Amino acid sequence: MSRKKVLVLGGNFGGLSAALTVKHELEGDVDVTVVSSSDEFLFTPSLIWVPFGKRSRADITFKVGPTFEEHGVDFVHAEATEIDPVAKRVQTTAGPQDYDYLVIATGYRNRFEVIPGLGPDGNAHTITTMEDAIHAGEGWTRFKDNPGDVVIGATQGAGCFGAAYEFLFNTSYQLKKAGLKDKVKLTYVSAEPFLGHFGIGGLPHGESLLGMFLKKEGIEPVLNTAMDHVDDGRLVLADGRTIDFGYAMIVPPFSGQDVVQKAGELSDANGFVTVRDTYQSEAFDDVYAVGVAAAVDVPWQTPTPVGIPKTGFPTEQQAHVAALNIAAQVRGEEPKEHKAFGDIPAVCVMDAGNNGVVILADKMLPPRKHGVLIPGPQAHLMKLGFEKYFLWKMQHGQVRLP
């Protein structure tokens, strides 16, 4: 029998974890190829610090080629342009790639079109990619020379509320350091129905804790609201209210990559792959999707739509489940690993400049048995330590470590 080939699209949290896990699980007796449009791994949680000059690209990235080579995984630095799940072939800018099993870990793209005035050439910054964060830093430098009020927010349909909160509190901290805190009004605008919803339905005492944080920092919240558009220096809400600003950072909603959206029955309307709790595609047993690329059903309705955060920890968990199931299929067995997204534990550290909150829950989505938020400066130190540990772990291919 010929060796099976596993093709992985994407080389960040989900792609790197899945590729190396399946290689290790089968003790090298499988051909694994990773195709990615980026040749760098990016520790996205640290993008919140880039605009303030606390991190640079070199601090939070590494080249993935040597990591894959060390572990016997082929790396192709190219963009996937077409997925044909019937022919089991992916077209790329470096030529076609056939596969026996496919893992889609292509992440997200920003849906700037949802709110006119957002985007790289728009009137408000965002921090969801390295390029966006660098651009936001350029805007922050200009802002300090000519300060005004500040708006931080997350649009309707957004899911990355944690980053919005982290940037909000880091902005407050940086305003203090710059001697601008008493001269600037800081406003938080969110689609969340209440503070601390986070896109996961909230946790016990979360609303009161976040309310205390905002009150302490003198931040005004505007909740349960949709955004209409962003003018130069003015955010216009769907109900007609306006908020003027000298600097704004707004997290947009995400969609799947175009290559996934074009892949017919693989994709939902937003370009995410509909999956089972094995992370197999609902349509094809030999196609998997993990991380942001995998669709997640929102288990509630809110007055203003909110998404669900697909962060690094659940992405890693999904990648391991997918890799173990692929290894089982290569051995001629049925996939037996199951872990619905909502049943993955919630583990997060929300940074706040020199403070923060550790967020723990037995499940990402309700109903839950346990959930707790632990505030304090130790959270900031934990995030700093975890950044260093995780970059080391991934760069050395130690994906089986916690």
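Which residue stands opposite Val349 in β21? In this predicted model, that residue is Val358.

Val349 and Val358 face each other within a pair of strands, β20 (residues 346-351) and β21 (residues 356-361). The pairing is antiparallel and runs over 6 bridges.

The two strands form a hairpin with 4 residues between them. In this hairpin Gly353 takes a positive phi near 90°.

## The sheet β6-β7-β8

Three strands form an open sheet in the order β6-β7-β8, and their pairing is antiparallel. The edges are held by β6 (80-84) and β8 (95-98); each has a single partner strand, so one side of each has no neighbour in the sheet. From one strand to the next, the twist averages 20°.

Within this sheet, 4 bridges connect β6 with strand β7 (residues 89-92), again in the antiparallel sense. Asp84 has Arg89 of β7 as its bridge partner.

## The sheet β14-β15-β16

Another open sheet is built from 3 strands in the order β14-β15-β16, with antiparallel pairing. Here β14 (227-231) and β16 (242-244) are the edge strands; each pairs with a single strand, so one side of each is left without a neighbour in the sheet. Neighbouring strands are turned by 15° against each other on average, direction ignored.

Strand β15 (residues 234-237) is joined to β16 by 3 bridges, and the two run antiparallel. Leu235 has Ile243 in β16 as its bridge partner.

## Packing of α5 and α6

The angle between the axes and the distance between them describe how two helices pack. For helix α5 (residues 161-177) and helix α6 (residues 206-217), the axes come within 11 Å and cross at roughly 25°. Angles under 35 degrees count as roughly parallel, and therefore α5 is roughly parallel to α6. The crossing of α5 and α6 is left-handed.

On the α5 side, the contact is made by Tyr165, Leu168, Phe169, Ser172 and Lys176. On the α6 side, Leu210, Phe213, Leu214, Lys216 and Glu217 take part. What is the make-up of the contact of α5 with α6 in nonpolar, polar and charged residues? The contact residues divide into 6 nonpolar, 1 polar and 3 charged.

Methods. Residues are numbered from 1 along each chain as its sequence is written. This is a predicted model: local features need pLDDT of at least 70, side-chain atom pairs count only at pLDDT 80 or more; totals for chains, interfaces and linings use all residues. Side-chain values use heavy atoms; hydrogens and water are left out. Axes are lines fitted to C-alpha atoms, for helices over the stretch in contact, and angles run from 0 to 180 degrees between N-to-C directions. Angles under 35 degrees count as roughly parallel, over 145 as roughly antiparallel, 65 to 115 as roughly perpendicular and the rest as oblique. A crossing is left-handed if the near helix is turned anticlockwise from the far one by less than a right angle, and right-handed if clockwise. Contact means heavy atoms within 4.5 Å. Ala, Val, Leu, Ile, Met, Phe, Trp, Tyr, Cys and Pro count as nonpolar, Asp, Glu, Lys and Arg as charged, and the others, Gly among them, as polar. Two strands pair if DSSP finds at least two bridges between them.
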